[in-house]
Amino acid sequence: MTSTTSTTSTTSPASPASTTGAVTGRLAAPVVLALFMAAVLVPFASLLLASLQPAGAPLTGFALPDGLHFENFSRAWSAAGFGTLLRSSVVIALCVVPAAVVCATLAGYALATLEVPGRGRLYAYLLLGLSIPTESTVIPLYYDMRALGLTNTVPGLALAEIGAFMPFGVFWMRAHFATMPRSLIEAARLDGASSWATLWRILLPSSRPAVTTLGVLYFVWSWNQFLLPLILIQDPARRTAPAGLGFFTGQYGVDVPLLAAATLIVIAPVVLVYLFFQRHFISGVLSGALKG
Amino acid sequence: MTTADRLTEPAPAPRTARSAKRGAGPAVHRRPRTVRSGRRRRRAVALLYLLPALLPYTLFAVLPLLHTAYLSLFDWDGVTLPSFVGVDNYRRIGTDPQLRAAAWHAGALILFFSVLPICVGLVSAAIVSRRAGRRGTALVRTVLFLPQVIPLVAVGILWRWVYGEDGTLNQALRAVGLGGLTDAWLGSFTWALPAVGLIGTWVVSGLCMVLFLSGTQRIDQEIYEAARMDGAGPVREFTAITVPLLRPELAIALSITVIAALSSFDLIYITTGGGPGNSTVVPGILIYRLAFGGGAVGVASALAIVLTVVISLAVLVINRLSREAP
């Protein structure tokens, strides 16, 4: 508060009318930011408090629990099966993320630097996928995968996710490789490096930020994907964590502390990855990445 | 087809080159030949790089989409033999009241998912960008992006609790003496749709604000100073400088949020399931219900195709508008 007067004098002309305007302007920014942060955090805090309440107690929205009842978390983990669900989510993400990142990197590299026949048309064909909603692929995916025996399996869901994630990944990696200096690629080629060696030895070592961002986005999308696992994995015990949470809500919606604890367990891994790689995630989303 | 044509196109050339130089020694005409076949090989190799991306994309995104288009021409319950009905399913979308309600609700969601967050984001970014210090910006960004990170299912559960009869919202209303206004928000025919819509506003407002804030940092401060010299107030500054110069960010925000509004499923599935009655059904919910419970795979497919076309058109229009000179 004390700093207000000193900074206003530097940011605005000295006339008294505009000084009061500048003071309200100085205060408006922190107030707006505080309102935004509160709006985001209050629902989270409310859920966190609910998860610590004793099971079965009548609850009102924002109330301090009498003591910390962590048993809701252990009940959600073992009795409600969220430990198993979390494991299937991890397995799916471990299949999807590396495979999708490698495929997107190879394609983005080829489209940006190699002589691809029909390059423009192939790229346009891939970009078309950015506006295909999951709703319009999931019906045949279910019937065709069931015919092939791929429903209720990890490969079935993983392949469906990789297919859906390709357009953004190729777009992202192509844009990245297009910004790399042509002279670097040409020098490597003159030295007799193959296209493969150019990619792995020359370009990829300095591409770590772009690849990490794509990996983080893919992880978050794969973890949060709901409709595909809901349909393609009909066996409730094998579902991914969010799909299991959806199923659980329908069955035990009334046991609020248990549901709140389960929700926090499901979002914990993705929030941790986000906090660790937030710069990457934010830069990816700001460039227009939203899926699922 | 075209790729194959282009691959084979250079093939006849070496032959004519060789016949023209018949008399020369083999070492002379070997060279153009290897250059050409090398080029051919390079192009084939380039296609190999694309294959790992093209294959899953074609098999698990494009072909299913085409298959959906095919299924939309049939009357099929998912079990017995399908019967061809032509465009009847599409005709039903225009007349069936439930399907038309879904279209209306998707439009209303655009208001809550796109228009409202973009307005909130623009105004707040304009206010915040006038702040001199940058302290705490990283923390603010981290918190405002949180709703983007967690699965929409979890967002739905979060807000079920906020909107519940004993939830946080009603408790707050009672605390300020407005107990008469409390409601079971998600179970109310009047309030369910706006309540769900506001969850969407909550999810994307922070994203819009951070997006516009990073855009305003790109704008040259001298433009503002010049405008201030000319006597422009904060409102004029906002409408004449900030908004027009944020055009690229506006395009990104619009396409992200419009796609999210039109293809919404997770959030509504968890919070209301489309109810009460049909008061919050959206295309995504109807496609799910009709195809995987209602035994109307054909109609669901037709609805999915219409949804895809509408989304593609919306993205196209937004990109066109953003490229036009301000």
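1. Confidence in chain A. Mean pLDDT (the predictor's confidence in each residue, from 0 to 100) is 84 for chain A, with 86% of its residues at 70 or more. Residues 1-17 of chain A stay under 50. For that stretch the model has 15 contacts beyond four places in sequence; a contact needs C-beta atoms, placed from the backbone, within 7 Å.

2. Basis. This is a predicted model: local features need pLDDT of at least 70, side-chain atom pairs count only at pLDDT 80 or more, and totals for chains, interfaces and linings use all residues. Residues are numbered from 1 along each chain as its sequence is written, while chains are lettered from A and ligands numbered from 1 in the order in which they are written.

3. Chain A with chain B. Chain A gives 79 residues to the contact and chain B gives 84. On the chain B side, helix H3 (residues 26-71) supplies the largest share, 19 residues. Helices are DSSP runs of H or I, at least four residues, numbered from the N terminus. The chain B side has 57 nonpolar, 19 polar and eight charged residues. Nonpolar means Ala, Val, Leu, Ile, Met, Phe, Trp, Tyr, Cys and Pro; charged means Asp, Glu, Lys and Arg; the others, Gly among them, are polar.

4. H13 and H16 of chain B. The axes of H13(B) (residues 247-262) and H16(B) (residues 297-323) come within 9 Å and cross at roughly 170 degrees. The two helices are therefore roughly antiparallel (angle over 145 degrees). Their contact divides into 13 nonpolar, three polar and one charged residue.

Methods. Contact = placed C-beta atoms within 7 Å. Axes fitted to C-alpha atoms, helices over the stretch in contact; angles between N-to-C directions. Parallel < 35°, antiparallel > 145°, perpendicular 65-115°, else oblique.
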